[in-house]
Amino acid sequence: MTDGGPPQGRMDELGRDEALKLLTDAPLGRVVLSHQEQPAIRPVNHLVEANGDIVIRIHAGAALLGRAAQSEEVAYEANALDPALRTGWSVVVTGAASLVSDPAELARYLRQLTPWIDTDMDHVVRIRADVVTGYRLVGGDACS
């Protein structure tokens, strides 16, 4: 405990399976990419495949579309945090983005992923789960 402040918590590293389970249950996350030589972050909803790959729908003008066509590396992050309790978790998946072009796969993902915004989202991107990192924040009271 610090000088009269709230009890301090800790951050525990998660294994790949636990991190992906948390990500699977998350309603949305953020894709992180480079756009016009600057970092860009876009909120999206997603699916997590059995192998950990992240699948998202995007619109024709999305910055990610060009990155996926070139199989560029991107990151995908989701979290759930409770500031009052100082608890939660954060998971980041890093890997190459690629367009889903197989007609059967594309049709399946278009059925499964419902966009949160009212625009045509006819493209699907898969982010390969090359690196999966995750952390759980444990509140100060749980440390005692």
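Author: Let us begin with a term: a salt bridge is a side-chain nitrogen of Lys or Arg within 4 Å of a carboxyl oxygen of Asp or Glu. Please keep in mind that this is a predicted model, in which local features need pLDDT of at least 70 and side-chain atom pairs count only at pLDDT 80 or more, while totals for chains, interfaces and linings use all residues. Residues are numbered from 1 along each chain as its sequence is written, and side-chain values use heavy atoms, with hydrogens and water left out.

Reader: Why is the pair R108 and E49 called a salt bridge?

Author: The closest N and O atoms of R108 and E49 are 3.8 Å apart, and the limit is 4 Å, so the pair qualifies. This pair links distant parts of the chain, with R108 in helix 3 (residues 103-112) and E49 in the loop between strand 4 (47-48) and strand 5 (54-58), 59 residues apart. Helices (H or I, at least four residues) and strands (E, at least two) are DSSP runs, numbered from the N terminus.

Reader: What makes R108 partly exposed?

Author: Buried means under 20% relative accessible area, exposed means over 50%, and partly exposed lies in between, with a 1.4 Å probe and protein chains only. R108 has a relative accessible area of 29%, so it is partly exposed. E49, at 22%, is therefore partly exposed as well.

Reader: How do you know that E105 and R126 form a salt bridge, and why does R126 count as buried?

Author: The closest N and O atoms of E105 and R126 are 2.6 Å apart, which is within the limit, so this pair is a salt bridge. E105 lies in helix 3 and R126 in strand 8 (residues 123-127), 21 residues apart. R126 has 16% relative accessibility and therefore counts as buried, whereas E105, with 25%, is partly exposed.

Reader: Where do D25 and K21 lie, and what makes them a salt bridge?

Author: Both D25 and K21 lie in helix 1 (residues 16-25), 4 residues apart, which is about one turn of the helix.

Reader: Why is M11 called exposed?

Author: M11, whose place is in strand 1 (residues 10-13), has a relative accessible area of 55%, and therefore it passes the cut-off for exposed residues.
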